[in-house]
Amino acid sequence: MRRLLSILSLLAVLAASPAVAYGRDGFTIKGSVLEKVSRTPIGMSTVLLRENGLWTTTSDDGKFEIAGVAPGTYTIEVSELGYTPFSLKVDVKDNVEGIQIMLDITSLSLNEVVVTAKEGGELTSASRISRQTLEHVQPSSLKDVMQLLPGGITQNPNMTTSAPLSIRDIGSNAANALGTALIVDGATLSNDANMQMLSSGTAINSGTANVTSTAGGGVDARQLSTDNIE
């Protein structure tokens, strides 16, 4: 009878022990993930047990639960976009509840950059283009070089039509009727001797009667060799 009572007592102790509880369905880890300052729940954050690979995500109220955990020491890793990753050591000998993990917000902004503009103090402005830049562009005419200026328009090289220079515009207009002044070694160049003709008609209405002269419309940049540009 004494042996029978001892065996029954031992079975009762084993049935109530954590090892038997793990043998049935494993231990459970429960907790919540909150923002550190406001203490608001963080939903859809990833909670991982590094040692066994078990993981889950938090609900909308920031709570999580991982079941089927064997006894041992584990590292809980929590990560969420916009927050600093967090890790916590936990010793699992029974069900673990009430874990609160606080995440810090990670700033995704860049450092402040202050740009200060300084006016030249003169009536005109100047842009200096280096020889290295010219060699990189490999211009076919001075018009290609003008694309390097602020507001310049990038165009395909074309040596078959007149190439007048233009600054800060996208097409011909009344303000640019005489073109852009071009000064070489202190002398202003002229295009008045240019006898070329440009067709101003369309594919339907074109011909010799619908043409305009390039004279007075700005210097033809094709007459300046880019090899002579310092």
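Modeller: A nonpolar core is a set of buried Ala, Val, Leu, Ile, Met, Phe, Trp, Tyr and Cys residues joined through side-chain atoms within 4.5 Å, where buried means under 20% relative accessible area, exposed means over 50%, and partly exposed lies in between (1.4 Å probe, protein chains only). This is a predicted model, in which local features need pLDDT of at least 70 and side-chain atom pairs count only at pLDDT 80 or more, while totals for chains, interfaces and linings use all residues. Residues are numbered from 1 along each chain as its sequence is written, and side-chain values use heavy atoms, with hydrogens and water left out.

Biologist: Which residues of the largest nonpolar core touch the most other members?

Modeller: Among its 18 residues, they are Ile 29, Val 33, Ile 76, Val 92 and Ile 101.

Biologist: Why is Ile 105 called exposed?

Modeller: The relative accessible area of Ile 105 is 55%, and exposed means over 50%, so Ile 105 is exposed.

Biologist: With which residues is Ile 105 in contact, leaving aside its neighbours within four places in sequence?

Modeller: Contact means heavy atoms within 4.5 Å, and by that rule Ile 105 is in contact with Glu 35, Gly 82 and Tyr 83.

Biologist: What makes E1 and E4 a pair?

Modeller: Strands are DSSP runs of at least two residues, and helices (H or I) are runs of at least four, numbered from the N terminus. Two strands pair if DSSP finds at least two bridges between them; E1 and E4 have five, in the antiparallel sense, and so they pair. Lys 30 stands opposite Glu 65 in E4.
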